[in-house]
Amino acid sequence: MIEFTFAIVNWNTRDLLARCIQSILDHVGDYTFQILVLDNASTDGSAEMVKKQFPEVILVENDCNSGFALGHEILLPYSKGKYHILVNSDIELHKGCLQRITRTMKDNRRIGVLGPKIVGPDQRVQRSCRRLPSLTLQLWEAIGIGRLMGGFLNPYHMGSFDHQTSREVPQVMGSFFVIRSSIIPLTGFMDTRFFMYYEEVDFCKRVAERGFTVYFDAGAEVMHVGGGSSRHVKEQTIRRTMRSMNHYFRKHRGKWVTVPLALIAGIDTATHTLFAALSLRNPFTVFKAYSLGLLDIVKSTPANMINGSRHDTLC
């Protein structure tokens, strides 16, 4: 078994993808590894770039956009690594990251998932740890106090945690998501009923339920540009997030949860629209996106629905 499998699902982020792959090659050192890329029918030449510049990469080409969860499910059979890492195409590794991850995972074999410290291009720490969702936390998020005040008033995003110390956490961001491969037969892998968003939240919950820990390692660091693929479809990003949230809650709490979740989403729509209006950031566009997301919750639109069909029936 090799040490690392780096699995990347890409959609129209050719230049970021090239930088991401090169970053892995620059920092992997003497570790045995493989890089897997699934290209979701990109139209920007991403697949051609991988073939030309990185022939050592295992490339799988989809004829449609399968999304994040199903894309990684497609890549999993190719994986041979002791540690299977989900890597967003807008990630770049920093020096010593993999050495630190290896040491941490070997020292604590109860860690099932590890997330590194994530910084932006400006080197500011991105808040990558969160609590698991609950109706109470979703309501607090919808009211918007956490967005305005931060700190302990932002409990879902663990606002009082400065991300400078290593510790167990409920969930870590899926941008650079280290999985101990040996736990996958016990926990299962990504729930492909998610298109994107909340699939790593769901996975972290299942990891904890199986008795393993989710760990944030402040000593391992990567850079995250942010929104590499999702920046192309802002309205769809909001709707997909709300659909995935609904699927997560219905999966873990039951169908009844749609009623209070729709009420919370209505509050969320109002506060986001108000904030957008006050900051002069396209309030009508924001209102439309959140209103359509609210309608998706009321109708219980599947999280993996694209253009009227589920993505797993299209790809």
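Helices (H or I, at least four residues) and strands (E, at least two) are DSSP runs, numbered from the N terminus, and Thr301 has its place in the loop between helix H11 and strand E13 (305-306). This is a predicted model, in which local features need pLDDT of at least 70 and side-chain atom pairs count only at pLDDT 80 or more, while totals for chains, interfaces and linings use all residues. Residues are numbered from 1 along each chain as its sequence is written, and side-chain values use heavy atoms, with hydrogens and water left out.

- Thr301 counts as buried at 12% relative accessibility, where buried means under 20% relative accessible area, exposed over 50%, and partly exposed in between (1.4 Å probe, protein chains only).
- Leaving aside residues up to four places away in sequence, Thr301 touches Arg243 and Asp296, a contact being heavy atoms within 4.5 Å.
- Phe4, found in strand E1 (residues 2-10), counts as buried because its relative accessibility is 0%.
- Beyond residues up to four places away in sequence, Phe4 touches several residues, including Tyr31, Phe33, Tyr83 and Leu98.
- The C-alpha atoms of Phe4 and Val178 are separated by 9.4 Å, although the two residues are 174 residues apart along the chain.

- Within H5 (residues 135-143), the residues Leu135, Leu137, Gln138, Glu141 and Ala142 are buried.
- Seen down the axis of H5, these buried residues fall within an arc of 160 degrees, so they line one face of the helix; the arc is that of the directions from the helix axis to the C-beta atoms.
- The cover over the buried residues of H5 includes helix H6 (145-149), helix H9 (234-253) and helix H10 (258-278), and H5 is followed by Gly144, whose phi is positive, near 95 degrees.
- Leu139, also in H5, is partly exposed, with a relative accessible area of 33%.
- The largest nonpolar core has 42 residues, and among those with the most contacts inside it are Val113, Phe177 and Phe203; such a core is a set of buried Ala, Val, Leu, Ile, Met, Phe, Trp, Tyr and Cys residues joined through side-chain atoms within 4.5 Å.
- H10 gives the most to this core, with five residues.

**Salt bridges**

- The structure holds 13 salt bridges, each being a side-chain nitrogen of Lys or Arg within 4 Å of a carboxyl oxygen of Asp or Glu.
- Arg100 forms a salt bridge with Asp217, the closest N and O atoms being 2.9 Å apart; Arg100 lies in helix H4 (residues 97-107) and Asp217 in strand E12, so the pair ties together parts that are 117 residues apart in sequence.
- Of these two partners, Arg100 is partly exposed, with a relative accessible area of 26%, whereas Asp217 is buried, with a relative accessible area of 0%.
- Asp191 forms a salt bridge with Lys251, with the closest N and O atoms 3.0 Å apart, and Asp191 lies in the loop between helix H7 (184-187) and H8 while Lys251 lies in helix H9, so the pair ties together parts that are 60 residues apart in sequence.
- Asp191, Arg193, Asp202, Arg206 and Lys251 are linked in a network of salt bridges.
- The side chains of Arg239 and Asp296 meet in a salt bridge (3.0 Å, N to O), linking helix H9 with helix H11 across 57 residues, and both Arg239 and Asp296 are buried.
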